[in-house]
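Please look through the sequence and the coordinates below before reading on. The paragraphs that follow go from the overall layout to the sheet, then to the pocket, and end with individual residues.

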Amino acid sequence: MKTKTIEFTAFILQNGEINAAFVKFPFSVEEVFGKKGQIKIKAVFDGTVEYRGSLAKMNSDGHILGLTQAVRKELGKSFGDEVHVSLTEDNEERVVEIADDIASAFHEHPEAKALFDKMSYTHKKEYIRWIEEAKKPETRENRKAKMILMILNGKKGI
C-alpha cells in the first residue's frame with residue numbers, strides 16, 4: 001500500500017522558553033491517517049533534511065511535529081523561520097543499530113539487555129547515541145558501564 005505524502009509550509013515555533021522547536025500540523029490526523037494519538041512519520045524539511053519522528057498532541061488543539069536542534073542546524077533555520085514539510089506515515093519497524101562493543105557489554109549483562117529490548121525505540125536510540133557521541137575511548141567505556149547500571153535501576157532514557 002502506497003502511503004500518501006502530505007505537504008505544508010509552517011513557521012518554526014519555540015516551545016516556551018526552552019531550546020525546543022516544533023511546527024503545527026495543519027490538518028486533522030484523524031481525517032488524514034484515520035487514527036488519533038501519536039502518528040509515526042518520515043519527514044523531509046525544505047526538500048533536503050530527512051527526519052523520522054512523530055506527530056504528537058502536546059497540550060495543543062492539534063498535533064505538532066518537533067524539529068530537533070540537529071535538524072534546525074542542518075537547515076540553517078531557527079524560531080520564526082518558515083519551513084516546507086513533506087511527510088508520510090512511517091510504518092517501518094524502527095531498529096537501533098548497536099555497535100559490537102556495546103553488544104558485548106549487553107552480553108555480559110543479559111538482564112540489562114532484556115530490559116533494553118523492552119524499551120521504546122526513542123529510549124534505545126538515546127542510550128546508544130549518548131555512548132557513540134563520546135569523544136574519548138575512556139568516556140565511551142564509562143558511558144557503557146553507566147548505561148548498564150541506569151537500565152538495571154529502571155531508568156528508561158538519558
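Read along the sequence, the protein in this predicted model follows the pattern β-β-β-α-β-β-β-α-β-α-α-α-α, and its secondary structure comes to 6 helices and 7 strands. The C-alpha trace spans about 50 × 35 × 30 Å along its principal axes. Of the 158 residues of the protein, 34% count as buried, while the accessible surface comes to about 10,100 Å², of which 50% belongs to carbon and sulfur atoms. Among the contacts between residues at least 6 apart in sequence, 61% join residues at least 24 apart.

The 7 strands form an open sheet in the order 1-7-4-5-6-3-2, with antiparallel pairing. Its edge strands are strand 1, residues 6-11, and strand 2, residues 13-14, each of which pairs on one side only. Strand 2 is joined to strand 3, residues 21-24, in the antiparallel sense over 2 bridges, and in this pairing Q14 has A21 of strand 3 as its bridge partner.

Elsewhere in the sheet, strand 4, which covers residues 39-45, runs antiparallel to strand 5 and is joined to it by 7 bridges; I41, for instance, has G53 in strand 5 as its bridge partner. The hairpin of strand 4 and strand 5 has 3 residues between the strands, and D46 takes a positive phi near 50° there. Strand 5 is also joined to strand 6, again in an antiparallel arrangement, by 2 bridges, and the bridge partner of A56 in strand 6 is I64.

Which element gives the most to the lining of the largest pocket? Strand 5 does, with 6 residues. About 1,200 Å³ of space lies in this pocket, and 37 residues line it, of which Y51, S54, G66, L67 and T68 lie nearest its centre. The elements that give two or more residues to the lining are strand 3, strand 5 (49-56), strand 6 (64-67), helix 2 (69-75) and helix 5 (121-132). Sorted by class, the lining has 13 nonpolar, 14 polar and 10 charged residues.

Is F8 buried or exposed? With a relative accessible area of 6%, F8 falls under the 20% cut-off and therefore counts as buried. Leaving aside residues up to four places away in sequence, F8 touches V23, K24, F25, P26 and F27, and also V83, H84, V85 and L87. One of these contacts, V85, lies 77 residues from F8 along the chain, yet the C-alpha atoms of F8 and V85 are separated by 5.4 Å.

The second residue, Y121, is found in helix 5, which is among the elements that give two or more residues to the lining of the largest pocket. Not counting residues up to four places away in sequence, Y121 touches R94, V95 and V96.

How values were computed: Residues numbered from 1 in each chain as written. Predicted model: local features only at pLDDT ≥ 70, side-chain atom pairs only at ≥ 80, totals over all residues. Heavy atoms only, no water. Pairing = 2+ DSSP bridges. Helix = DSSP H or I, 4+ residues; strand = E, 2+ residues; numbered from the N terminus. 1 Å grid on protein atoms, 1.4 Å probe; cavity = no way out; pocket = protein on both sides within 12 Å on 5 of 7 lines; lining within 4 Å. Points joined across faces, edges and corners; volume = space filled by probe spheres on them. Nonpolar A, V, L, I, M, F, W, Y, C, P; charged D, E, K, R; others polar. Contact = heavy atoms within 4.5 Å. Buried < 20%, exposed > 50% of the residue type's maximum accessible area, 1.4 Å probe, protein only. Areas by Shrake-Rupley, 256 points an atom, 1.4 Å probe, with all protein chains shown as cover.
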